[in-house]
Amino acid sequence: WHPFPTEAMSSIPNTKTALVVGDSGAGKSFLINLLVGKNACYSANSRQSVTKDCQLASVLGDNGVEFRFIDTPGINDTEMENSKVQERLWEFGHFAPDGLNAIIVVIPRGRFNKAVHDDLVAMEEFFSDRIWKHSIVVYNQTEDRRETIWEDTQSKWQSPWILKWKAAKTSICTVDEVRKDADKEPIKDDRTLQAVRDLLQAIVTREEPYRHDAFEKARQEKVTLTQQAMSDLKTVHWRREMQKTNDELMEGRMSRERWFERVEEITAGDLVERKTQEREQQERAEKEKAQKKAEEEREARVAAQQATATAKATAEEARKATEAAKQKAENMRKEADARRSSWNVKVAVGTVVGAVGGAVVGGPLGALAGAAAGGAGTGAIAEK
């Protein structure tokens, strides 16, 4: 029997992930419910399989250590073909992409028979024989003690595995059959609580995590899926929702099936919001276009009104200039007429005066000569 180290749990990283495997009806879900203190996984006491998909349950232990338990479908599921079981089992890889701190192998009710033997063979074929250095074998709901089990070298099915586990330094835990109260809740006595503490301590003190190709495959798949899902989204809100969902998947807090469901929900929400934004953008564009057209029409009307006013002002100025020119011409004509009238009068007066003077001096001939001379002289003076 290999006792569990007693080093302080506070020196261990804060998250420990354990894979729980075993025959259908071995009590895997029951054991997880006992460890986490609630009905995190549905369980039944029969060989009929209850768990069809990988499930994840967690509990916060001493000193802030979070224990995460992956419940798997049975290897020899009574309702699934072996290929389907293996496909299901591969799914657990996405819960622990960096490896498993422990693999808990559950043996039902302390009865080690051919069915249990076949399950262990199937596990070893899937995980390889190095599974045992990372494993904790739990004899579930049994009265046997660990020391008794380790010393069993006679039973047909169990003893070969005991020798293998000793060589690999596999830990063994036993859990007593747990009684239930009237509400069918497990009654945890001191021995049960001690078994739980022993099992949690065994998980904490496992050495290097167990790694499998399934982990890297799951990690690569998650990276590809999350990147593709993110690249298909356009709206800020749903990209944030997708980022949170991707984080939960990458951290193993969301199953692959639930992630695909969320992707469908987020994609649908993104599409609706995108169409809404496109419609609103189109409405804004149409409104801006209408506003711009109305502004252009208003500016055109203002420009036309200004052009009309300018044309009227120009025409009015032209009209006024024309009238001023006409008035000036009329004034000049009147001045010329006045001057001509004044000249004619003066000539007439000069003629008369000359005629009178010429007549006095020279008679009729003198009158003619005087008239001509007087009119000419007066006209010359008038011109000046």
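This is a predicted model: local features need pLDDT of at least 70, side-chain atom pairs count only at pLDDT 80 or more; totals for chains, interfaces and linings use all residues.
Visitor: At what angle do H1 and H6 pack?
Guide: Helix H1 (residues 28-36) packs against helix H6 (residues 190-204) at an angle of about 95°, and their axes lie 10 Å apart. H1 is therefore roughly perpendicular to H6.

Visitor: Which residues make that contact?
Guide: H1 contributes Leu31, Leu34 and Leu35, while H6 contributes Thr192, Val196, Leu199 and Leu200. By class, the residues of this contact are 6 nonpolar, 1 polar and no charged.

Visitor: On to another topic: how many salt bridges does the structure hold?
Guide: There are 13 salt bridges in the structure. One of them joins the side chains of Glu295 and Arg298, at 2.7 Å from N to O.

Visitor: How far apart in helix H9 are Glu295 and Arg298?
Guide: They are 3 residues apart in helix H9 (residues 256-383), so about one helical turn separates Glu295 from Arg298.

Visitor: And what is the relative accessible area of Glu295?
Guide: Glu295 has a relative accessible area of 33% and is partly exposed. Arg298 is also partly exposed, at 39%.

Visitor: Which residue does Asp337 form a salt bridge with?
Guide: The partner of Asp337 is Arg333, with the closest N and O atoms 2.8 Å apart. Asp337 and Arg333 are 4 residues apart in helix H9, so they are separated by about one helical turn. Asp337 is partly exposed at 25% relative accessible area, and Arg333 is partly exposed at 41%.

Visitor: Last one: which residues are linked in a network of salt bridges?
Guide: The network links Glu241, Lys244, Arg258, Glu261, Arg262 and Glu265.

Notes
Residues are numbered from 1 along each chain as its sequence is written. Side-chain values use heavy atoms; hydrogens and water are left out. Axes are lines fitted to C-alpha atoms, for helices over the stretch in contact, and angles run from 0 to 180 degrees between N-to-C directions. Helices (H or I, at least four residues) and strands (E, at least two) are DSSP runs, numbered from the N terminus. Angles under 35 degrees count as roughly parallel, over 145 as roughly antiparallel, 65 to 115 as roughly perpendicular and the rest as oblique. Contact means heavy atoms within 4.5 Å. Ala, Val, Leu, Ile, Met, Phe, Trp, Tyr, Cys and Pro count as nonpolar, Asp, Glu, Lys and Arg as charged, and the others, Gly among them, as polar. A salt bridge is a side-chain nitrogen of Lys or Arg within 4 Å of a carboxyl oxygen of Asp or Glu. Buried means under 20% relative accessible area, exposed over 50%, partly exposed in between (1.4 Å probe, protein chains only).
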